[in-house]
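Here's a quick briefing for anyone meeting this structure for the first time. Have a look at it below, and then we'll go through it topic by topic.

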Amino acid sequence: MYRWIGSLSTFFVISGGLVAGRLFDRGYFYHLMIGGSLLLSFSLFMLSLCKPEKFYQVFLAHGVGVGLGAGTTYVPSIAVVSHYFQRRRAIAMAIVSTGSSLGAVVHPIMLNNTLRTHLGFGNSVRASAGLVSGLLLTACFLMRPRLPPPATNPPLWKSLKRFARDRVYLTAIGGMVTYTGGFYFPIFYLQLDAISHGVNQTLGFYSLVILNGAGCVGRFWPGFFAHRLGVINMVMAATGCGAVLILSMIALKSVASVVAIGVLYGFWAGVFVTLMAPLVAVLTENVEELGLRMGIAFGIVGISALVCPPIDGILLTEHFMWWRPALFSGVLASTGFCFFVLTAIGARRRAAAKIKRAETPVIHLETMGVDVFEPPPAIGNFINDSQASIPPEADRTWKPIAIEAV
């Protein structure tokens with residue numbers, strides 16, 4: 001039952017962008033940041049007051065409160081960076097995205113070294129909540145939007161109908177949904193997997209720190225190479241390697257395998273998380289629809305993050321049959337990789353079609369005679385067939401004056 005707490009919190013963080021993104025586009029930046037920060041800080045302090053074996057208290061404080069607070073602040077804090085950067089926007093957003101991985105390194109170490117002391121659970125969580133509250137307060141003072149909100153916003157239902165006809169966009173969402181279904185298995189279960197296979201408990205705990213530390217590098221790296229290697233190509237590499245590493249958890253038994261999977265998977269997971277938003281961006285032809293497209297995509301992806309981790313726990317059972325959730329998650333991740341391959345093929349075909357249309361010559365004709373008449377059928381044939389015979393009267397009255405690419 002407790003496995004639903006983390007998955008619900010993750011769902012709110014990811015899917016919260018559907019609402020927060022729309023409000024951010026309408027100019028409610030400070031409302032989102034201040035309200036979300038207050039809710040997140042309050043929920044963490046309430047978590048420190050939860051009693052043992054009281055599931056509903058932890059569920060409300062961490063699963064609902066922390067998830068909603070983080071989901072409310074995440075999109076505005078990332079989107080506001082794009083107001084200040086144009087040429088180096090990818091690098092700036094990559095640097096910002098490393099913050100969550102850095103926090104995932106600091107807080108586990110902090111809690112691990114305080115929970116085992118005289119402070120106990122309550123004071124340890126309050127110390128962590130105080131650190132988070134101080135950082136949120138600093139962020140609210142430092143961040144402010146530079147650009148005014150757009151004068152008009154695209155209508156939701158008309159946009160949804162148009163998005164439903166975009167096959168490349170739909171395959172990208174399919175890849176994000178299926179890959180995310182397997183994505184969280186190592187993050188949620190690597191520590192327990194290591195300890196259940198006899199790995200030292202201290203090292204088993206730090207396996208999560210190793211994974212998140214590698215994720216910092218993985219999140220930072222794409223900002224420098226995405227424009228050279230291509231966003232879609234890097235997403236395919238990240239998801240392909242990630243799927244193989246998830247399946248390799250079936251063979252996890254030793255310290256070396258724990259460290260290797262933690263480092264490699266953490267790196268490629270960081271690459272994938274950083275490139276999710278740029279992937280939607282490069283597939284969006286109308287920039288005014290970018291926020292809505294991202295919100296819809298992340299809203300659907302959040303459902304996968306909500307459902308699949310608990311399914312992994314059900315497949316694991318009380319007997320720790322690790323091959324079952326590893327195989328399930330690996331197959332989902334592999335399916336996501338296949339969807340991204342289809343996305344790359346579709347995007348290249350669409351780009352080739354655009355180039356072909358741009359290279360199609362357009363012949364402008366102007367009248368030169370006194371009499372203006374309807375052009376005979378041969379004039380239309382002249383555009384596509386250079387061998388067409390043009391009647392003498394048409395040749396006297398119509399003249400090609402320019403050829404240009406559309």
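Which residues have the most contacts inside the largest nonpolar core? They are Met176, Tyr265, Leu279 and Phe340, in a core that has 54 residues. Keep in mind that this is a predicted model, with a mean pLDDT of 81 for the chain.

**The largest core**
- Five helices each supply at least two residues of this core: H8 (167-196), H11 (231-248), H12 (255-282), H13 (290-316) and H14 (323-359).
- H8 brings the largest share, with 12 residues.
- Take Phe340 as a way in: leaving aside its neighbours within four places in sequence, its contacts include Ala172, Gly175, Met176 and Tyr179.
- Phe340 also touches Ile232, Val235, Met236 and Thr239, along with Phe272 and Leu279.

- After H2 comes Gly27, which has a positive phi, near 95 degrees.

**Serine 7**
- You'll find Ser7 in helix H1, which covers residues 3-15.
- Is Ser7 buried or exposed? Its relative accessible area is 0%, so Ser7 is buried.
- Setting aside neighbours within four places in sequence, Ser7 is in contact with Phe188, Ala305, Leu306, Pro309 and Pro310.

**Cysteines**
- How many disulfides are there? The count comes to zero.
- Cys50 counts as buried because its relative accessibility is 12%, under the 20% cut-off.
- Cys216 is at 17% relative accessibility, so Cys216 counts as buried too.

- In the chain, 86% of residues reach a pLDDT of 70 or more.
- Where is confidence highest, and where is it lowest? Helix H11 is highest, at a mean of 94, while strand E2 (residues 398-405) is lowest, at 41.
- Over residues 365-406, pLDDT stays under 50.
- The model still has 54 contacts beyond four places in sequence for residues 365-406.
- Where pLDDT is low, the predicted coordinates should not be read in detail.

Terms used:
Residues numbered from 1 in each chain as written. Predicted model: local features only at pLDDT ≥ 70, side-chain atom pairs only at ≥ 80, totals over all residues. Heavy atoms only, no water. Disulfide = S-S within 2.5 Å. Buried < 20%, exposed > 50% of the residue type's maximum accessible area, 1.4 Å probe, protein only. Helix = DSSP H or I, 4+ residues; strand = E, 2+ residues; numbered from the N terminus. Core = buried A, V, L, I, M, F, W, Y, C linked by side-chain atoms within 4.5 Å. Contact = heavy atoms within 4.5 Å. pLDDT = per-residue confidence, 0-100.
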